[in-house]
Amino acid sequence: MKISRREMLKIGVGTGAGLLLGELPAFGQDQPLLMRAIPSSGEEIPAVGLGSARTFNVGSSVEERAPLTEVLRLFHESGGRFFDTAPSYGSSESVAGQLVQELGIQDDLFFATKISTGGGREAGLEQEEGSLRSWGRDTIDLNQVHNLRDVDIHLRTIRQAKEEGRTRYVGVTTSFPRQYQQMEQVLRTEELDFVQINYSIGEREAAERLLPLAQDRGIAVVVNEPYNVGRVFGAVSGRELPEWAVEFDCRSWGQFFLKYILSHPAVTVIIPATSDPVHLVDNMGAGVGLLPDERTRTRMEDLFDSLT
């Protein structure tokens with residue numbers, strides 16, 4: 001029988017499940033969220049952010065948007081700031097933009113978006129302007145060339161916007177291991193503030209070259225797909241969290257997977273995407289308390305590998 005993540009949370013947190021699934025307390029009130037510095041500026045941001053691919057791509061009905069409003073409210077109340085989206089994520093960017101303005105928090109969040117087009121400079125400029133309109137903002141905190149599409153052209157556009165004060169940070173992204181060689185070349189030759197790549201306990205290739213390179217180059221790392229599109233939960237379905245997870249303040253499998261990523265010294269912020277308030281609260285809990293040390297990271301890998 002397949003067990004959902006929500007059901008796994010009930011198992012993983014034991015007697016605390018009622019509190020987690022009921023009142024949904026904001027994390028960070030008793031203990032502060034983990035903060036990480038952006039190497040190029042020294043500015044600190046909370047290490048657990050929020051992604052929006054697929055999850056915020058909804059229609060205009062109240063029923064579809066109500067859970068997302070609650071996710072954003074809880075994210076903000078728990079100290080979350082880094083919100084990642086893109087014009088290519090269907091309606092995600094515009095939906096999130098409308099909701100954060102309704103909540104009055106659009107200026108509190110670190111607004112990260114992307115230029116995602118192969119249509120050349122003008123198409124990139126149109127996406128940039130559309131992102132600003134969607135969020136009611138004069139400035140994008142981080143704009144990124146998505147999946148290295150027309151990377152030379154769009155990096156020039158984003159750098160110009162930075163010079164003009166319409167963008168604060170410049171970045172590039174990929175979600176595809178087949179682009180890792182090209183990404184390595186970009187990281188070696190371009191002056192960048194951020195790089196966004198996929199990395200998880202179930203997908204570790206980025207740790208071989210890209211994460212160390214970003215660290216050496218002083219580039220902040222955003223990690224997408226921290227749950228490997230949900231595959232990591234399949235590996236632990238029906239299994240209880242190991243007792244030794246309490247050694248690094250871990251209460252659930254979700255936190256197990258996120259704390260593994262956060263414990264890598266190159267990682268600046270992770271962006272698990274969710275439309276479920278329960279999952280949001282659990283995700284934010286990964287940014288509270290201790291993180292696994294190197295010996296424990298190896299133990300986590302060995303456990304996961306034994307289950308796959």
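This is a predicted model: local features need pLDDT of at least 70, side-chain atom pairs count only at pLDDT 80 or more; totals for chains, interfaces and linings use all residues.
Biologist: Why is the contact between Lys162 and Asp193 called a salt bridge?

Modeller: A salt bridge requires a side-chain nitrogen of Lys or Arg within 4 Å of a carboxyl oxygen of Asp or Glu. The N to O distance for Lys162 and Asp193 is 3.0 Å, so the pair meets that rule. By this rule the model has 18 salt bridges.

Biologist: What parts does the pair of Lys162 and Asp193 tie together?

Modeller: Lys162 belongs to helix α6 (residues 151-163), whereas Asp193 sits in the loop between α7 (180-189) and β7 (194-198); the pair therefore ties together parts 31 residues apart in sequence.

Biologist: Why is Asp193 called buried?

Modeller: Buried means under 20% relative accessible area. Asp193 has 7%, so the term applies. Lys162, at 34%, lies between the cut-offs of 20% and 50% and is therefore partly exposed.

Biologist: What makes Glu184 and Arg188 a salt bridge, and where do they lie?

Modeller: Their closest N and O atoms are 3.1 Å apart, which is within 4 Å, so the pair qualifies. Both residues lie in helix α7, four residues apart, about one turn of the helix. Glu184 is buried at 13%, while Arg188 is partly exposed at 45%.

How values were computed:
Residues are numbered from 1 along each chain as its sequence is written. Side-chain values use heavy atoms; hydrogens and water are left out. Helices (H or I, at least four residues) and strands (E, at least two) are DSSP runs, numbered from the N terminus. Buried means under 20% relative accessible area, exposed over 50%, partly exposed in between (1.4 Å probe, protein chains only).
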